[in-house]
Amino acid sequence: MSIEVKNISKIYGTQKALNDVSFKINTGEIVGFLGPNGAGKSTMMKIITGFIPPTFGEVAVNELDVVENSLEIRKMIGYLPENNPLYHEMYVKEYLQYVAGIYKLGKSSEQKIKEIIEITGLTIEQKKKIGQLSKGYRQRVGLAQALIHDPKVLILDEPTSGLDPNQILEIRNLITTIGKEKTVMLSTHIMQEVEAICDRVIIINKGQIVADDSTKNIHSHLEENFRTIIVEFSKKIDYQLLEKITGVVKVKKVDDTNYLVQTNEDIDVRSQIFDFAVKNNVAVLSMQKQEKRLEDVFHELTKYWYSIY
């Protein structure tokens with residue numbers, strides 16, 4: 001067992017940031033920790049890393065209690081905070097040497113720094129001051145400091161914030177690679193990122209866990225068991241007639257020729273849509289099923305009003 005959270009609550013004055021939260025993360029898992037702003041994500045991560053204590057409950061990392069073994073735990077964890085605090089007047093390599101010294105890497109530090117600079121794509125920027133770097137490269141420096149001591153557990157709060165699409169792909173690949181041997185817990189608002197690299201998703205809302213499942217099965221938490229079909233006709237139709245087809249729940253007009261058709265999950269209406277087209281002297285140019293998305297689950301479980309309709 002790598003991370004075990006038991007009945008954690010965190011109270012600030014009269015505000016309960018976390019309310020009786022429990023979960024486990026095993027070695028080799030990459031877990032997406034999701035929730036709206038203010039849900040308690042960063043608070044939970046700070047408790048796991050030993051930055052702040054819980055009000056109630058216990059957290060263990062590799063079977064060691066975080067409060068009782070704070071210094072030992074910090075040696076095991078690589079942490080990238082949400083705001084990525086860095087010393088902007090230091091040079092990139094100088095800063096990583098400083099971090100290596102904190103972790104007492106000794107004689108192996110220079111080789112480790114070289115490897116981390118290469119892995120995180122900082123080679124051409126290593127002689128620059130951190131303050132001169134773009135936000136994307138500063139984010140890479142934050143990742144480098146989190147990885148430099150080869151931690152068993154990685155806690156990443158918005159790891160791809162400020163990166164361009166190519167950089168995001170590179171960091172995704174990096175996280176996927178290191179996640180095979182480590183425990184990775186990451187927070188992000190980019191749902192495609194979670195679907196691309198995470199084995200499991202934990203969704204938190206108002207300080208409580210509202211879903212905890214594999215990325216593959218997380219869609220089962222949707223209350224509405226509907227399927228959506230995207231249909232393009234050759235010309236404008238009276239889309240309200242589509243709603244009279246058995247199994248069709250609702251139709252939304254996207255434009256004069258494109259329509260979103262919501263149907264019951266267990267009824268396939270595609271042949272009936274083709275029959276409708278023939279009857280109304282219109283051609284079906286395309287028809288495809290819209291897959292359920294993690295974004296749909298997130299919006300429903302965090303109680304935000306949301307609908308593709």
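**Close-up views of a predicted protein chain**

**View 1. The whole chain at a glance.** Of the 309 residues in the protein chain, 48% are buried (buried means under 20% relative accessible area, exposed over 50%, and partly exposed in between, with a 1.4 Å probe and protein chains only). This is a predicted model, where local features need pLDDT of at least 70, side-chain atom pairs count only at pLDDT 80 or more, and totals for chains, interfaces and linings use all residues. Residues are numbered from 1 along each chain as its sequence is written, and side-chain values use heavy atoms, with hydrogens and water left out. You'll find 9 helices and 14 strands here (DSSP runs numbered from the N terminus: helices are H or I with at least four residues, strands are E with at least two). Among contacts with a separation of 6 or more, 67% join residues 24 or more positions apart (a contact is heavy atoms within 4.5 Å).

View 2. Helix α8 covers residues 270-279, and its buried residues are Ile273, Phe276 and Ala277. Look down the axis of α8 and these buried residues fall within an arc of 100°, so they line one face of the helix (the arc is that of the directions from the helix axis to the C-beta atoms). As a rule, an α-helix has 3.6 residues a turn, so residues three or four places apart point the same way. Over on the other side of α8, Asp275, Val278 and Lys279 are exposed. After α8 comes Asn281, with a positive phi near 55°.

**View 3. Asn7, a positive phi in a strand.** Asn7 isn't a glycine, yet its phi is positive, at about 50°. Asn7 sits in strand β1, which spans residues 3-12. With 42% relative accessibility, Asn7 counts as partly exposed.

**View 4. Glu158, a positive phi in a loop.** Glu158 is not a glycine either, and its phi is positive at about 55°. Look for Glu158 in the loop between β7 (153-157) and α6 (165-178). Is Glu158 buried or exposed? Glu158 is buried, as its relative accessible area is 13%.

**View 5. A stretch to read with care.** Over residues 304-309, pLDDT stays under 50, and the model has 17 contacts for them beyond four places in sequence (pLDDT is the predictor's confidence in each residue, from 0 to 100). Where pLDDT is low, the predicted coordinates should not be read in detail. For the protein chain, the mean pLDDT is 88, and 94% of the residues reach 70 or more.
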